Every structure is written in structure tokens, then in C-alpha cells.
Amino acid sequence: MTAATTPASKPGQTTTLRPRARLAVAAGRLVAWGSRVVRFGTGSVIGGRVSLLIDKNLLSELTASRNVVIVSATNGKTTTTKLLSSALATSRPIVSNWLGANMTPGIVAALAAANATDTAVLEVDERWVDSVLRATQANTVVLLNLSRDQLDRTQEVRKLAEQWRVALATTPPRTLVANADDPLVAWAALVAPNIVWVGTGQEWTADAAGCPACSGRIDFTDAGWACSRCDLQRPLVDVAITDGVIAIDGKTITGELALPGRVNRVNAAFALAAASAMGADLDQAFDGLDDVREVAGRYRVAQLGNTRIRLLLAKNPAGWHEALELLEGPSTPLVIAINARIADGHDPSWLWDVAYERIGQRFVVAIGERRHDLAVRFRYGNINHIVADDLESAIELVRQSPSYDPTMPIDVASNYTAFQDHLEHVGGVL
Ligand SMILES: [Zn+2]
């Protein structure tokens with residue numbers, strides 16, 4: 001389904017391209033191949049960069065004869081891209097970068113390897129929506145949420161919302177699927193001509209206290225949200241999720257998903273709304289969602305020695321808010337890992353914005369480079385915890401705990417680079 005893992009396997013694309021673009025694609029493939037040979041990763045990003053050096057308009061060329069959908073957000077974009085890919089793959093050939101990089105070079109690398117007319121389902125980094133939308137003239141855009149992430153690296157969320165708003169006004173897609181419960185997304189979306197509003201019941205509101213239109217205060221109530229000063233308010237929704245039931249196009253979807261948690265019902269609702277806007281049959285699209293059991297290692301149950309662990313990813317306060325839904329129920333011990341490398345953001349002060357108290361009485365082993373920061377947070381939250389040096393030691397401590405249940409996989413919840421380390425540790429391939 002995805003071409004990201006086999007960048008050199010499908011030559012069909014190049015036959016329709018101009019000579020310069022063909023050269024760019026060939027050079028990118030060669031560099032990617034060389035990079036793989038010397039075991040420098042998959043090579044897709046560096047290959048894409050080389051291709052773009054030769055032909056800076058390559059993304060436009062590669063998408064000229066495709067139906068393109070863009071998915072972006074702070075949280076959930078990889079999962080939603082994967083769900084939408086699976087939903088659409090039931091009715092048409094698709095190409096997606098969901099397993100690869102989500103900026104222009106990674107997108108170019110994925111597209112260059114696929115047939116020229118495959119529908120492109122593109123995960124796009126929040127900061128790259130403008131340029132990817134302009135280059136691809138995407139028919140459909142899906143915008144899930146905006147929240148703080150990597151405090152010391154990325155721009156303020158309101159700046160991102162502004163960029164999205166300008167991008168949508170400049171290059172309006174035929175259909176925009178947008179989150180009605182995120183004021184920043186809603187404000188950015190309102191300039192688009194045709195919007196499918198998804199009512200997500202989003203509980204995380206801490207990053208949208210100020211109105212993006214007038215800086216007034218946003219009031220959140222059970223019925224929705226509204227600015228206390230201007231007329232910005234929650235739009236009427238077209239797709240609703242109530243107690244896990246997705247209401248869309250006059251149908252109600254009650255079937256179970258393989259992916260756990262409320263947040264994945266929301267991701268599925270976005271995928272279905274986009275698939276429907278792209279002409280897919282809803283029942284067929286929903287069947288496709290069931291094929292998704294994990295996403296790039298997230299939710300994977302893996303064997304570590306003689307113990308099973310379940311890998312969970314949460315990168316920022318909004319992401320932890322959703323992940324805690326899965327962690328607050330059981331009573332078995334768990335492991336939480338926090339790093340603060342470049343890809344995580346060096347500043348871990350956001351740990352104080354996460355309601356780790358929801359873990360309740362569960363015994364937690366804190367690991368990762370910032371395990372001591374985490375331990376301080378847990379101490380103030382009266383969370384029963386201990387610190388360990390690495391994953392193996394943590395698992396051993398869990399196994400010695402009286403509340404350990406060997407019939408259940410041990411939850412290992414990690415932020416970004418800690419998650420990648422653990423996935424690699426259990427032999428996961430990205
Ligand atoms: Zn306002």
C-alpha cells in the first residue's frame with residue numbers, strides 16, 4: 001500500500017514526467033539507494049532532497065495527475081493518515097508517506113516511487129502545510145488540532161494557525177475537513193469555501209484560551225465554545241462522535257476499531273469524513289479501518305525476553321491527555337519514559353501540565369534521560385513510583401511488583417525519541 005518502504009520498486013511514475021523531473025527522480029533514487037547501502041537509514045529524505053535540488057518544482061510535477069489529500073495536526077496526523085490510507089485503499093490504488101518523513105523531501109521520495117495516478121494521502125508537518133498545499137493543489141485537506149509541542153523549537157500555536165489560515169485562503173481545497181472543537185483550527189479553517197466540521201468533543205483546551213481572532217477570552221462550556229468578545233464560536237458540526245458512535249452522512253457507525261481509545265475514534269471520524277468527501281463508500285471505507293492494528297509501532301504488543309510489552313506514544317500535554325485514558329483504568333504497573341532530545345524539545349517543563357494523577361494507584365517506573373524530572377513530578381502528584389536506568393531494569397522492577405499480572409502486556413508509554421529507542425529495542429522497523 002505504501003511506497004515509502006520500497007522507493008525504487010515502481011518505475012511507472014517517470015514515464016509522464018519532463019526530462020528534468022525524470023533526472024531529479026533518478027538522482028534521488030540513486031542517492032537513497034547509496035544511503036541504504038551504507039546503512040544510513042532508509043535514504044528517502046536525502047534522496048528527496050537531492051531530487052529537489054535538481055528540480056525544485058518536483059512536488060508539483062509528481063502530483064499533477066493525482067488526487068491529493070493532506071492531513072496535518074500536532075497530534076494524530078500519522079494515525080489519521082494511516083487510517084485514511086486504509087479506508088481509501090479499499091476502492092483505489094494509493095500512495096502515502098505515513099511511514100516516512102512528513103516534509104517535502106520525504107513526500108517527494110514517497111511519490112516518486114509510485115504510479116503517476118495513485119491517490120496521494122500525505123501526512124504533512126504543521127509548518128509545511130502552506131508549501132505542500134501550494135505545490136500539490138490538494139483537493140482535500142484534513143486539519144485535526146494544534147497544541148504546544150517541543151516548546152523550545154516550534155512556533156507558537158497561534159502563528160501556525162495564522163499560517164494555515166493564509167494557506168487555505170490562498171489555495172483553497174475543494175473540501176476541508178476540520179475540527180470544530182479546536183478554536184485555533186476552526187479560526188484557520190473558516191476562510192475555506194467548503195468545510196466538513198467534525199465535532200470531536202476535544203477535552204484539551206489549555207492551548208486555546210485566547211481567541212485567535214481578537215485575543216479575547218474563549219469560554220468553553222459543555223455545549224461548545226465561544227469568544228467572549230467577538231463572534232468566533234464553535235461551528236455547527238457535520239460529523240459527530242457521541243459515546244463512541246460516529247454520525248456521518250446520515251449514518252451511524254458503531255463498529256469496533258482495532259486501535260484503542262477515544263482519540264482513535266476521533267481519528268477514524270476524520271478519516272471517514274475525508275474518504276466520504278473523496279467519493280468513497282462509507283461502509284467499505286470503515287471496513288478498511290479495521291485493518292489498522294498499529295501505526296508505526298504505536299499500540300504494538302512486542303515480546304521483550306519472556307515479557308510482553310505494549311508500546312504507547314505521547315509527545316506533549318495534549319497527547320498525554322489522550323494517552324492517560326488508556327492508562328487510568330487498570331491496576332497493573334507500568335513504565336513511563338521521557339527524553340528531552342532535539343526531536344522532543346529540550347524543555348521538559350510541560351510535564352507539569354500533564355495530569356499524571358489520573359494514573360491513580362498504579363505503580364510507575366520512570367525511565368529515560370529525564371526520569372528524575374519525571375520522578376519530581378510524580379512525587380508532587382503522590383504517584384507511587386520508582387526510577388530505573390533503562391527499559392530492562394524497569395521491566396524487572398515491574399515483574400517484581402505485587403500488582404504485576406503476567407497475563408497482561410506491560411504498558412510502556414514514551415515520548416518521541418524514547419519511543420523510537422524502545423521500538424528499535426524490540427526489533428521494530430520504521
Ligand atoms: Zn474573539
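The questions and answers below go through a predicted model of one protein chain.

Q: How do you know whether the overall size of the protein chain agrees with that of a compact globule?
A: For 430 residues a compact globule would have a radius of gyration near 22 Å, and the protein chain has 22 Å, so the value agrees with the rule. Along its principal axes the C-alpha trace spans about 65 × 60 × 40 Å, and buried residues make up 50% of the 430 residues.

Q: What makes up the protein chain in terms of helices and strands, and how are its domains divided?
A: The protein chain holds 14 helices and 17 strands, and it is divided into domain 1, residues 11–289, and domain 2, residues 301–425. The C-alpha centres of domain 1 and domain 2 lie 29 Å apart, while the contact between them takes 18 residues from domain 1 and 16 residues from domain 2. On the side of domain 1 that touches domain 2, there are five nonpolar, six polar and seven charged residues.

Q: What share of the contacts between residues at least 6 apart in sequence join residues at least 24 apart?
A: Among those contacts in the protein chain, 69% join residues at least 24 apart; a contact here requires C-beta atoms, placed from the backbone, to lie within 7 Å.

Q: Why are β2 and β11 called edge strands?
A: Nine strands form an open sheet in the order β2-β3-β1-β4-β5-β6-β9-β10-β11, with mixed pairing. The strands β2 (94–96) and β11 (251–253) each pair on one side only, and they are the edge strands of this sheet. From one strand to the next, the twist averages 15°.

Q: How do you know that β2 counts as paired with β3, and in which sense do the two run?
A: Pairing requires at least two bridges between two strands, and β2 and strand β3 (residues 119–123) have three bridges, in the parallel sense. One of the residues involved is Ile 94, whose bridge partner in β3 is Thr 119.

Q: What joins β10 to β9 and to β11?
A: Strand β9 (residues 239–242) is joined to β10 by three bridges, the two running antiparallel, and Thr 242 has Val 245 as its bridge partner in β10. On the other pairing, β10 and β11 are antiparallel over three bridges, and the bridge partner of Ile 246 in β11 is Ile 253. The hairpin of β9 and β10 has two residues between the strands, and Asp 243 takes a positive phi near 50° there; in the hairpin of β10 and β11, which has two residues between the strands, Asp 249 takes a positive phi near 50°.

Q: Which residues of β10 lie on its covered face and which on its uncovered face?
A: In strand β10 (residues 245–248) the covered face has Ile 246 and Ile 248, whereas the uncovered one has Val 245 and Ala 247. In a regular strand the side chains alternate between the two faces of the sheet.

Q: What makes β7 and β8 a pair, and what lies between them?
A: The cut-off for pairing is at least two bridges, and β7 and β8 meet it with four bridges in the antiparallel sense. They form a hairpin with two residues between them, and the bridge partner of Asp 219 in β8 is Ala 226. Strand β8 (residues 224–227) has Trp 225 and Cys 227 on its covered face, with Gly 224 and Ala 226 on the uncovered one.

Q: Why does Ser 215 count as exposed?
A: A residue is exposed if 12 or fewer other C-beta atoms lie within 10 Å of its own, and Ser 215 has 11 C-beta neighbours inside 10 Å, so it counts as exposed. Ser 215 is found in the loop between β6 (195–199) and β7 (218–221), and its phi is near 65°, a positive value in a residue other than glycine.

Q: How do you know whether Asn 382 is buried or exposed?
A: Asn 382 has 9 other C-beta atoms within 10 Å and is therefore exposed. Asn 382 lies in the loop between α12 (371–380) and β16 (385–387), with a positive phi of about 55° although it is not a glycine.

Q: Why is Pro 330 called partly exposed?
A: Partly exposed residues fall between the limits of 12 or fewer for exposed and 20 or more for buried, and Pro 330 has 15 C-beta neighbours inside 10 Å, so it counts as partly exposed. Its place is in the loop between α11 (317–327) and β14 (334–337). Pro 330 and Phe 378 are 48 residues apart in sequence and 18 Å apart in space, C-alpha to C-alpha.

Terms used. Residues numbered from 1 in each chain as written. Predicted model: local features only at pLDDT ≥ 70, side-chain atom pairs only at ≥ 80, totals over all residues. Domains from an automatic or database assignment. Contact = placed C-beta atoms within 7 Å. Nonpolar A, V, L, I, M, F, W, Y, C, P; charged D, E, K, R; others polar. Rg over C-alpha atoms; globule rule 2.2 N^0.38 Å. Axes fitted to C-alpha atoms, helices over the stretch in contact; angles between N-to-C directions.
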